[in-house]
Every structure is written in structure tokens, then in C-alpha cells.
Amino acid sequence: MGLKKESTPDSVQELCLSGKEPPARFYHKGSDAGSLNDCVPLIEIPIVDVALLTSPSTSKHQLHKLQSALTSWGCFQVINHGMASSFLDRMREVANNFFALPKEEKQKYSREVDSIEGYGNDMIISEKQTLDWTDRLYLTLSPERQLKFWPENPQDFRETLDEFFMKSQQITEILLKAMAMSLGLEENCFLEQYGEDALVTARFNYYPPCPKPNQILGVKPHADASAITILLQDKQVEGLQFLKDDQWFRVPIIPHALFVNVGDQVEIMSNGIFKSPVHRVVTNSERERITMAMFFIPGSDQEIKPADALIDERRPRLYKNIKDYVSLYFQYYQLGRRPLEAAMI
């Protein structure tokens, strides 16, 4: 039998529909539990206008706003990003349509044992692991695609995702250049480290209603292994929360914006000036929530290190040179530890 079927239900969606009590392995203990309620304040996250960011007459103010966002929160919302609201709605619709398919249809794209690609839920790597209340469709877009995991139903799934990917790549390039310039660096400084053979993955997330939202999380607290993560939020249902100064904050929904956070690899490149933020997803008892995250990750052969110009006597070097960060990331993450620990000097 496959490890997945031995250790987890076929899907969290089915578990929700069954009405049964969730298994003990979904329950968080102590401060990791969370609920979407009024006592969790809303973040006032900066909104960065990509059109203004690339215009010589207005870029200075936007660069300052970008730098402020990344040194304080590690995240921001982007508007005028080149994707029409109608296109974002189409991307949301194909995601919704996939998760609404019959069980047998979705299972055509099930991930294989010991792989994260395809349709499924948490990979079990530890008996102590707390499971996430989510089903996922995880796909690699670059450098190589395994099309057997790419749904042919809905019919426009593949072409819609491909268009989103191409436009997101353009945004990522603009942002990596802007991040470098905001720190007074040569504009290609981070982009060259990011490299041309980057790993780009998409993760569609389905969070069913949860009977125990105060004790079960959609995604456990973590920071991302990426350089940049671009998230298309659910248009109506909140759930994403960020940790700052030991307090959780809710992320507001701006339907036509894309939510961006930097990952651990940009924190390393910036020598700790930009923060790779810890975040989680909470559940609620009434409504399903569907999102799609795209992760832009330097290729495994790329050497990631703090930019030389950001190291001096006042700010010593904080991180080692590192390659293939993702391989160590996953082990640390499932054990509830910060993978960034492994890169620190």
C-alpha cells in the first residue's frame, strides 16, 4: 500500500463531507492553534503599483514603499500587475471547477508515493507531524512539466494556468530588480542569483469547512523556501495570517490584487534586511476557501549568498553560501522548524 493511503484520509474534502470527527493528527496544541476571529487584527499591508514601479518619474516613491514593506512585514499587495480582474476570476474559476469534480476524476491526477507533485494532501514524513486541513494540486511549471498531473478537465485549466505563469514570471523579474534597487544595489544583483533555470511550482489549495477551527489549521506556521511567492487569494473568504512580534495578523482581501511575500532565499540574498515572514492558514466552520500560490525558486545549482555590498562592519554576514535550499527545507518544515536555521552562520 502507498504511504499516503495508509496515513491520511483519501481527501480532507471527503472527511469534511463524511461529518466524522477529524482524526487526532489534525489537532494543533497550544499557541499553534488559531481561528479567524475579531481578536486577530488586520494587517495594513502596503500596496505596490507595478506600473508606477517601472516608470522613471514615479519609481522612487514605489521603491521606498517596497523596501519599507519588505523590511517590516516581508509582504505586500501588487496592483496594475498586467492581469485583468476578469482573467484572475477565470483562474479562480478553473481552480474551483477542479476541486468540484467527482472524486474519481480528481484521483486521475493523484500524486505518487514520496512525491509532492499531483493531487493529494500532506506527505507523511514523521509520526509526530500535525496534518494540514487542506487538499492540494501541486504542479511544476518550470523547468520540466509532468503533464500527467495537469488536469484536462476543466478544459481551459492548462492554458489558463500557463498564461498566469508567464505573466507572473514577468512580475517576478520586475520585483527582483526593484528589490535590489531599493537597497542601492545594481538592478540585476538578485536576478542573477535567482538564475535562468529556476524551479517554478504552482499549488492549488482547497480548504473545506472545518468542524474545529480553533484547533485545526489549514496550513501550519512556516516561511517559504522560495525567492518570491505570488498568491491569488480567494475572492471572499479570508484565512491567511502573518506573524509579527509574536502576534498574528489577518491579511485583507483585495480581489484584483496579487499578494506577494518574499521567501527565505531573498532573506539570505539581502543579508537579513528583507524578512521571510512566518505565516499560516486558519480554517472556518462555514465556508470553503480556494487559493493558488506560485513559488519562484532558484535552481538547485544556483549558489545563494548575501550580496557583498550588504556586508560591512555594522552589518556582518548572517548567512552561508547555500545551494539546493529546497531539499533541506521540506524536512525542517514538516517538523515545525525554520529551515533558515541551517543557512545561518
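Analyst: First, a cut-off: buried means under 20% relative accessible area, exposed means over 50%, and partly exposed lies in between. Also note that this is a predicted model.

User: Is Ser55 buried, partly exposed or exposed?
Analyst: Ser55 sits in the loop between helix H3 (50-53) and H4. Its relative accessible area is 22%. Buried would need a value under 20%, and exposed one over 50%. Ser55 is therefore partly exposed.

User: What separates the C-alpha atoms of Ser55 and Met179?
Analyst: Along the chain, Ser55 and Met179 are 124 residues apart.

User: At what angle do the axes of H4 and H7 cross?
Analyst: Helix H4 covers residues 59-72. The axes of H4 and H7 come within 9 Å. Angles of 65 to 115 degrees count as roughly perpendicular, and H4 is roughly perpendicular to H7. The crossing angle is roughly 90°.

User: Which residues of H7 meet H4?
Analyst: From H4, the contact uses Leu63, Leu66, Gln67 and Leu70. The residues of this contact divide into six nonpolar, two polar and no charged. On the H7 side they are Ala178, Met179, Met181 and Ser182.

User: How are H5 and H7 oriented to each other?
Analyst: H5 spans residues 85-99 and H7 spans residues 157-182. Their axes come within 10 Å and cross at roughly 135°. Roughly antiparallel would need an angle over 145 degrees, and roughly perpendicular one of 65 to 115. H5 and H7 are therefore oblique to each other.

User: Is the crossing of H5 and H7 left-handed or right-handed?
Analyst: The contact takes Phe87, Leu88, Arg90, Met91 and Val94 from H5. H7 supplies Phe157, Thr160, Leu161, Glu163 and Phe164. The crossing of these two helices, H5 and H7, is left-handed.

User: How do the residues of the contact of H5 with H7 divide by type?
Analyst: Asp, Glu, Lys and Arg count as charged. Arg90 of H5 and Glu163 of H7 are among the contact residues. The division is seven nonpolar, one polar and two charged.

User: How many disulfides does the structure hold?
Analyst: A disulfide needs two cysteine sulfur atoms within 2.5 Å. For Cys16, the nearest cysteine sulfur is that of Cys210, 8.1 Å away, and Cys16 is in no disulfide. The count for the structure is zero.

User: What is the relative accessibility of Cys16?
Analyst: Cys16 counts as partly exposed. That class lies between buried, under 20%, and exposed, over 50%. The value for Cys16 is 25%.

User: Where is Pro143 found?
Analyst: The peptide bond from Ser142 to Pro143 is cis, with omega near 10°. Strand E4 covers 135-142. Pro143 is found in the loop between E4 and H7.

User: What is omega for the peptide bond from Asn153 to Pro154?
Analyst: Pro154 is placed in the loop between E4 and H7. The bond from Asn153 to Pro154 is cis. Its omega is near 5°.

User: What is phi of Asp245?
Analyst: Asp245 is in the loop between strand E8 (240-244) and strand E9 (247-250). With a relative accessible area of 68%, Asp245 is exposed. Phi is positive here, in a residue other than glycine. Its value is near 50°.

User: Is Asp324 buried, partly exposed or exposed?
Analyst: Asp324 lies in the loop between strand E12 (289-297) and helix H10 (325-334). Although Asp324 is not a glycine, its phi is positive, about 50°. The relative accessibility is 34%, so Asp324 counts as partly exposed.

User: What C-alpha distance separates Arg338 and Asp224?
Analyst: Arg338 is in the segment after H10. Arg338 touches residues including Ala223, Asp264 and Glu267. Arg338 and Asp224 are 114 residues apart in sequence. Their C-alpha distance is 9.6 Å.

User: Is Thr283 buried or exposed?
Analyst: Thr283 is in the loop between strand E11 (279-282) and E12. The C-alpha atoms of Thr283 and Tyr207 are separated by 7.2 Å. The relative accessible area of Thr283 is 3%, so Thr283 is buried.

Terms used: Residues are numbered from 1 along each chain as its sequence is written. This is a predicted model: local features need pLDDT of at least 70, side-chain atom pairs count only at pLDDT 80 or more; totals for chains, interfaces and linings use all residues. Side-chain values use heavy atoms; hydrogens and water are left out. Axes are lines fitted to C-alpha atoms, for helices over the stretch in contact, and angles run from 0 to 180 degrees between N-to-C directions. Helices (H or I, at least four residues) and strands (E, at least two) are DSSP runs, numbered from the N terminus. Angles under 35 degrees count as roughly parallel, over 145 as roughly antiparallel, 65 to 115 as roughly perpendicular and the rest as oblique. A crossing is left-handed if the near helix is turned anticlockwise from the far one by less than a right angle, and right-handed if clockwise. Contact means heavy atoms within 4.5 Å. Buried means under 20% relative accessible area, exposed over 50%, partly exposed in between (1.4 Å probe, protein chains only). Lists of a residue's contacts leave out its neighbours within four places in sequence.
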